Amino acid sequence: REGEPRPTRIMYSTNLSWKPLCQILNSLEERGLIRAIEPETRDGRSKNLYGITDKGMSVLSYFNKTRDLLRAEDLLTVPNLGHREKPVLSYPEYTD
């Protein structure tokens, strides 16, 4: 909601070229994750703007939670040639 709504700014910040960006924006809009906002007019030219929808915010929230879980899991495991092995963090064993 606080990101850049103009396609050219989105293009620069995502490091995409114009054609792939337009395909992605169209796909996101078709899925109801973003919406086109009434274009503003400057110098006789209309400028398209985009905003994220509630559904888009929900998907983004799930994505961020999943990313955080994966990061936490990576912190708890030691990779061994691409396979997950023992936890790095372990609790000390207490004996009475």
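This is a predicted model: local features need pLDDT of at least 70, side-chain atom pairs count only at pLDDT 80 or more; totals for chains, interfaces and linings use all residues.

Biologist: What order do the elements run in?

Modeller: Starting at the N terminus, the order is α-α-β-β-α-β-β.

Biologist: How much of the protein chain is buried?

Modeller: Buried residues are 14% of the 96 residues.

Biologist: And the contacts with a separation of 6 or more: what share comes from residues 24 or more positions apart?

Modeller: That share is 23% in the protein chain.

Biologist: OK, helices. How do α1 and α2 pack?

Modeller: Helix α1 covers residues 7-14 and helix α2 covers residues 18-30. Their axes are 10 Å apart, at an angle of about 110°. That makes α1 roughly perpendicular to α2, since 65 to 115 degrees counts as such.

Biologist: Which hand is the crossing?

Modeller: Right-handed, as α1 passes α2.

Biologist: Which residues meet there?

Modeller: From α1, they are P7, T8, I10, M11 and T14. On the α2 side, they are W18, L21 and L25. Sorted by class, the contact has six nonpolar residues, two polar ones and no charged ones.

Biologist: Which residues of α1 are buried?

Modeller: P7, I10 and M11. Looking down the axis of α1, the buried residues fall within an arc of 100°, so they line one face of the helix.

Biologist: Why would residues three or four places apart point the same way in an α-helix?

Modeller: Because an α-helix has 3.6 residues a turn.

Biologist: What does the face turned away from the buried side of α1 carry?

Modeller: Y12 and S13, both exposed.

Biologist: Back to I10. Why call I10 buried?

Modeller: Because its relative accessible area is 17%, and buried means under 20%. I10 is also one of the α1 residues that meet α2.

Biologist: How far is I10 from L25, C-alpha to C-alpha?

Modeller: The separation is 9.8 Å. Along the chain, I10 and L25 are 15 residues apart.

Biologist: New topic: where is N15?

Modeller: N15 sits in the loop between α1 and α2. It comes just after α1.

Biologist: What is the phi of N15?

Modeller: Positive, about 60°, although N15 is not a glycine. For context, most residues other than glycine have a negative phi.

Biologist: Is N15 buried or exposed, and why?

Modeller: N15 counts as exposed because its relative accessibility is 72%, and the cut-off is over 50%.

Biologist: Now the strands. Where does I34 lie?

Modeller: I34 lies in strand β1, which spans residues 34-42.

Biologist: Buried or exposed? I mean I34.

Modeller: I34 counts as buried, because its relative accessibility is 13% against a limit of 20%.

Biologist: What does I34 contact, leaving aside neighbours within four places in sequence?

Modeller: I34 is in contact with L25, L28 and E29, and also with Y50, G51, I52 and T53. L25 also belongs to the α2 residues that meet α1.

Biologist: How far is I34 from D54?

Modeller: Their C-alpha atoms are separated by 8.7 Å, and they are 20 residues apart along the chain.

Biologist: Last one: where is K55, and what does K55 touch?

Modeller: K55 is in helix α3, residues 54-76. Not counting residues up to four places away in sequence, K55 touches R31, G32 and L33.

Biologist: How far apart are K55 and L33 in sequence and in space?

Modeller: They are 22 residues apart in sequence. C-alpha to C-alpha, K55 and L33 are 5.6 Å apart in space.

Notes:
Residues are numbered from 1 along each chain as its sequence is written. Side-chain values use heavy atoms; hydrogens and water are left out. Buried means under 20% relative accessible area, exposed over 50%, partly exposed in between (1.4 Å probe, protein chains only). Axes are lines fitted to C-alpha atoms, for helices over the stretch in contact, and angles run from 0 to 180 degrees between N-to-C directions. Helices (H or I, at least four residues) and strands (E, at least two) are DSSP runs, numbered from the N terminus. Angles under 35 degrees count as roughly parallel, over 145 as roughly antiparallel, 65 to 115 as roughly perpendicular and the rest as oblique. A crossing is left-handed if the near helix is turned anticlockwise from the far one by less than a right angle, and right-handed if clockwise. Contact means heavy atoms within 4.5 Å. Ala, Val, Leu, Ile, Met, Phe, Trp, Tyr, Cys and Pro count as nonpolar, Asp, Glu, Lys and Arg as charged, and the others, Gly among them, as polar. The arc is that of the directions from the helix axis to the C-beta atoms.
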